[in-house]
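This report describes the fold of one protein chain. Please look over the sequence and the structure before reading on.

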Amino acid sequence: MRTDVMHFAELADLTAEPVGPPLPWERSRDACGVEFPADYREFIDQFGPGEVRSYLGVNAPWLWPGASQDGAIFRVFTSRTIDDLGPVFREMRNEDPALCPYPLLPEPGGLLNWGGTVQGDQFFWLTSDPDPMEWPVVVWFRGKDLRNAWRRYNMRFVAFLVHALSGKDQDMHDLLNWPNEPIWQRTG
C-alpha cells in the first residue's frame, strides 16, 4: 500500500483489506481520455467511494452489477464534469473569466471533478500536467465571494485529504470540523 494511502487508513482506523476487486483502471485512457492518479486509484480500490466526516463526498467510477468491463464506468465518471458541472462553470467563465479561471474537461488540461460537499462545494483535479500524479487539487467554495471562490492546492489527492483533516487550513477546517463523525465512511 502506498505510504500516503496507509497514512489515511491509519487516521481513519481503516483496515488494509480492499473493498472488492480493483477497477479496470487500465481501460480509463481509452474509454474517456483520462489516466487517473495512482494514489486515487489505490484509495478507491482500498476504500471505495465515500465521505470524509460525512460531508466531503469522494466520487468514484462505479462498477454496477452488469456493467461492462469496456470502460463505460470511466465515461460516466467524467461526464459529471463534462455534461453536468461543465456548462455551469463555462457560463461563469464566459460572463467573467475571474469567476472560473480554469478550463474544464474536455478542454485540454481542464478540471476533472472528483468530489463535492452537501453544500455544493466542488473538488477537482487540474489535469494540466501529463503525469496525473502531478495534478493539483482545485476547490471551488460555493459560499465564498465568486471572485475568491477558487483555491488551488499543489498536492496530490490523498495528501489533500490528510491536509484537509489536519485542521490547519481554515477553509477546509470550516467544512470538515465534525469531530463526532467518522473520518471515512464508505457509501458505495
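## Overall fold

The model is predicted. The protein contains six helices and seven strands. Along the sequence these elements follow the pattern α-α-α-β-β-α-β-β-β-β-α-α-β.

The protein has 188 residues and a radius of gyration of 16 Å, which agrees with the value near 16 Å that a compact globule of that length would have. Along the principal axes, its C-alpha atoms fill a box of roughly 45 × 40 × 30 Å. Of the 188 residues, 49% are buried. When contacts with a separation of 6 or more are counted, 55% of them are between residues 24 or more positions apart.

## Packing of H1 and H5

Two packed helices are described by the angle between their axes and the distance between the axes. Helix H1 covers residues 3-12 and helix H5 covers residues 157-165. For this pair the angle is about 30 degrees, and the axes are 9 Å apart. The crossing of H1 past H5 is left-handed.

Which residues make the contact between H1 and H5? From H1 they are Asp4, Val5, His7, Phe8 and Leu11. H5 contributes Val158, Leu161, Val162 and Leu165. Sorted by class, the contact of H1 with H5 consists of seven nonpolar residues, one polar residue and one charged residue.

Is strand S3, residues 111-117, mostly covered or mostly open? Strand S3 is mostly covered, with seven of its seven residues buried. For this count, a residue is buried if its relative accessible area is under 20%.

Strand S3 is joined to strand S2 (residues 56-58) by three bridges, and the two strands run antiparallel. In this pairing Val58 stands opposite Gly115 of S3. Strand S3 is also joined to strand S4 (residues 122-126), here by five bridges, and this pair is antiparallel as well. Leu111 stands opposite Leu126 of S4.

## The S3-S4 hairpin

S3 and S4 form a hairpin with four residues between the strands. What phi does Gly120 take in this hairpin? Gly120 takes a positive phi, near 100 degrees.

## Summary

H1 and H5 meet in a left-handed crossing, at an angle of about 30 degrees. Strand S3 has bridges to S2 and to S4, and seven of its seven residues are buried.

Technical notes: Residues numbered from 1 in each chain as written. Predicted model: local features only at pLDDT ≥ 70, side-chain atom pairs only at ≥ 80, totals over all residues. Heavy atoms only, no water. Axes fitted to C-alpha atoms, helices over the stretch in contact; angles between N-to-C directions. Left-handed = near helix turned anticlockwise from the far one by under 90°. Contact = heavy atoms within 4.5 Å. Nonpolar A, V, L, I, M, F, W, Y, C, P; charged D, E, K, R; others polar. Buried < 20%, exposed > 50% of the residue type's maximum accessible area, 1.4 Å probe, protein only. Pairing = 2+ DSSP bridges. Rg over C-alpha atoms; globule rule 2.2 N^0.38 Å.
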